[in-house]
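Short notes follow the structure.

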Amino acid sequence: MRDAASTITTESAPPPGGGGQPVVALEGLSRHFGERSALRGITLELGAGQTLAVLGRNGAGKSTLLRILATLLRPHSGSVRLFGEPLPRQAWAVRGRIGLLGHEPLLYRDLSGRENLTYHARLHRVPAARVEEVLASVGMRQRGDDPVRSLSRGMVQRLTVARAVLHRPELLLLDEPRSNLDPAAGDLVEPLIGRGAGITRVLTSHDPQAALAEADVVLALSGGRAAYLGPPAGLAPERLRGLYA
Amino acid sequence: MRTATAILRKDLLLELRTLETLPSMALLSVSTFVIFHFGLNRDSLSGQLAAGVFTVTLLFAAMLAINRLFVAEREQGGFDAFLLAPVDRTAMFAAKAAALFIFMVALELVAVPAFALLLAPPRLGHSLPAFTLLLLLADGAFAVIGTFVSALAVHTRARDLIGPIIGLPLMLPALIATARGIGPLLTPNASGSPQAKWLLVLALYDLFNALLAVGLFDYLIEE
């Protein structure tokens, strides 16, 4: 049986941008870890160029949702389609089109930023020149040969942004993308992962106001269920506060 | 092939930077020969005893490398990064097996002279080409089975135990063939040629395990 929250909120979700095929389409998505349900009956669609903000307190299921969309976790029930391809069966077809910026930088600490990005460029069949391009974009060309373990958290986060956009993904999955970044670094990465990049985005943030400001669609999770799905303007302040209470 | 090469280059670069695996393997092998030298109170070993000592020492050192083969992938997000890329999963198996093979060859560059020095097997120099051929086939078995077992163990809590518990029984046929093949080469009247049956056993065992591991590897690294 579908839970009431999913059914109500699906109807209030805005249509996919551009009226084309949705980039992300979830139908009754559920995932559990042992006895604990991390996601229950999530249904939504996200169109090209749109931004979905996923809100909720710690353990609400935000990171689980992102890992499923990144093809790193399998859904236990329901369907997940990215670019029209069903997961996990056609995961291979969408993998080069996704960029993940998660809690882990996915960088080897004993290699330099440049060596890490060169390795990722080879995995994604990206020309070596692109490595210098993204290093310059995040202001890390000068420190590009330093081992990652010697860099500050903010610098590692800038490299992580460079790694996530290196292969020019069409869907960005951003888990707390601005954590550890000072305002100047935040401005630096904005053209790469911000709204202006024009990329379809799914982002989580512990700063709900900032996330709402960037979002076209908001999914509020509570205990793995969709407590709200719709436009940012429809999320009443008291309901937002209730999510984090 | 390009993906496997990229992963292999990265793994070798990481080892060059950290020196976490090869020095430990070399130290363990030399220490083991020292222990046998004094424990058996012999300056020279020959035949099957020499072959057994050498093979067991290789096994101990190989287990160190096998246990560490996927550590960087697990601890530093290498698995996720790899799984996000639109590449054939088999490339990681090929790269890791190649890295383990290279580690074994590098180990033997230290272990064979140390073995000759501390336990002075007869006619080792005379049998060196055949000895090397057997070792390369044994390294193939270590590489293929070790990579498979390491990938199996890396996502488990008891990963340090899985290697010996699953790896040792799987490696037994290769270890026996290696020891039995090496033994006759280390006797005073050695001909210098290996017995073909042990070469064949090792080659077939390498091939069988490589096919099995390639077939199952995708399931081991995906969630």
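1. Terms first. Axes are lines fitted to C-alpha atoms, for helices over the stretch in contact, with angles from 0 to 180 degrees between N-to-C directions. Contact between two residues means C-beta atoms, placed from the backbone, within 7 Å. Helices (H or I, at least four residues) and strands (E, at least two) are DSSP runs numbered from the N terminus.

2. Basis. The model is predicted: local features need pLDDT of at least 70, side-chain atom pairs count only at pLDDT 80 or more, and totals for chains, interfaces and linings use all residues. Residues are numbered from 1 along each chain as its sequence is written, while chains are lettered from A and ligands numbered from 1 in the order in which they are written.

3. Sheet. Chain A has an open sheet of 6 strands, ordered S6-S7-S8-S3-S9-S10, with mixed pairing. Pairing requires at least two DSSP bridges between two strands.

4. S6(A) and S7(A) (residues 171-175) run parallel, joined by 4 bridges. Leu101(A) has Leu174(A) in S7(A) as its bridge partner. Helix H6 (residues 153-165) of chain A lies across S6 and S7 of chain A, at about 165 degrees to S6(A).

5. Chain contact. Chain A gives 23 residues and chain B gives 21. On the side of chain B that touches chain A, H1 (2-18) and H5 (78-83) of chain B each supply at least two residues. H1(B) provides the largest share, 8 residues.
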